[in-house]
Amino acid sequence: MDARLNLFGNAVSGKVLKALISADRAVSGSGLPTATQELVKIRASQINGCGFCTDMHTKDALAAGETPLRLNLVAAWREATVFTDAERAALELAEQGTRIADAAGGVTDEAWANAAEHYDEDQLAALVSLIAVINAFNRMNTIVRQPAGDYQPGQFG
């Protein structure tokens, strides 16, 4: 299986990907816990059907010490007892931010208030930015049908 377009090989999409990677790195150094970042990336990628990003972030999370149990339960986080209240708030914000077109008004005040109880302003800014960036990556990869399964942790730096 081959992608419809080589995103890194094309000059235009390569520039866009470099900008997105730069934005992702800004979030990485924000103080938002790494585990939370990976959980959010995985959940948004699951919702968007992005196999490439789901593969990547699941493997990166495992390499960073995340447990298989928690990773297996990301899609069912509401019923799982293995996530903290802060992680639950981040996952809810990620779901609503990813499904923004599915509900008039976008993210609810309740979801925002819940996240604000657990994260400071810089962490909230990082969380919002992270949700936007992973959704952009997901869309690029799903549009070109980027194959999944071959990613190696740390492959992109």
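This is a predicted model: local features need pLDDT of at least 70, side-chain atom pairs count only at pLDDT 80 or more; totals for chains, interfaces and linings use all residues.

Reader: OK, how many salt bridges does the count come to?

Author: The count is 8 salt bridges, where the rule asks for a side-chain nitrogen of Lys or Arg within 4 Å of a carboxyl oxygen of Asp or Glu.

Reader: Which residue does aspartate 24 form a salt bridge with?

Author: The partner of aspartate 24 is lysine 41, with the closest N and O atoms 3.2 Å apart. Aspartate 24 sits in helix α1 (residues 11-28) and lysine 41 in helix α2 (residues 34-48), so that the pair links distant parts of the chain, 17 residues apart; helices here are DSSP runs of H or I with at least four residues, numbered from the N terminus.

Reader: And are those two buried or exposed?

Author: Both aspartate 24 and lysine 41 are buried, where buried means under 20% relative accessible area, exposed over 50% and partly exposed in between, with a 1.4 Å probe and protein chains only.

Reader: What about glutamate 87 and arginine 70?

Author: Their side chains meet in a salt bridge at 2.7 Å, N to O. Because glutamate 87 lies in helix α5 (residues 85-98) and arginine 70 in helix α4 (residues 68-72), the pair ties together parts that are 17 residues apart in sequence. Both glutamate 87 and arginine 70 are buried.

Reader: Switching topic, at what angle do helix α3 and helix α7 pack?

Author: Helix α3 (residues 51-63) and helix α7 (residues 121-143) pack at about 130 degrees, with their axes 8 Å apart; axes are lines fitted to C-alpha atoms over the stretch in contact, and angles run from 0 to 180 degrees between N-to-C directions.

Reader: Which residues make that contact?

Author: From α3 there are Phe52, Cys53 and His57, and from α7 Ile134, Phe137, Asn138 and Asn141, contact being heavy atoms within 4.5 Å.

Reader: Last one: where is the place of aspartate 55, and what does that residue touch?

Author: Aspartate 55 is in helix α3 and is buried, at 13% relative accessible area. Leaving out residues up to four places away in sequence, aspartate 55 touches Ala148, Gly149, Asp150 and Tyr151.

Conventions
Residues are numbered from 1 along each chain as its sequence is written. Side-chain values use heavy atoms; hydrogens and water are left out. Helices (H or I, at least four residues) and strands (E, at least two) are DSSP runs, numbered from the N terminus.
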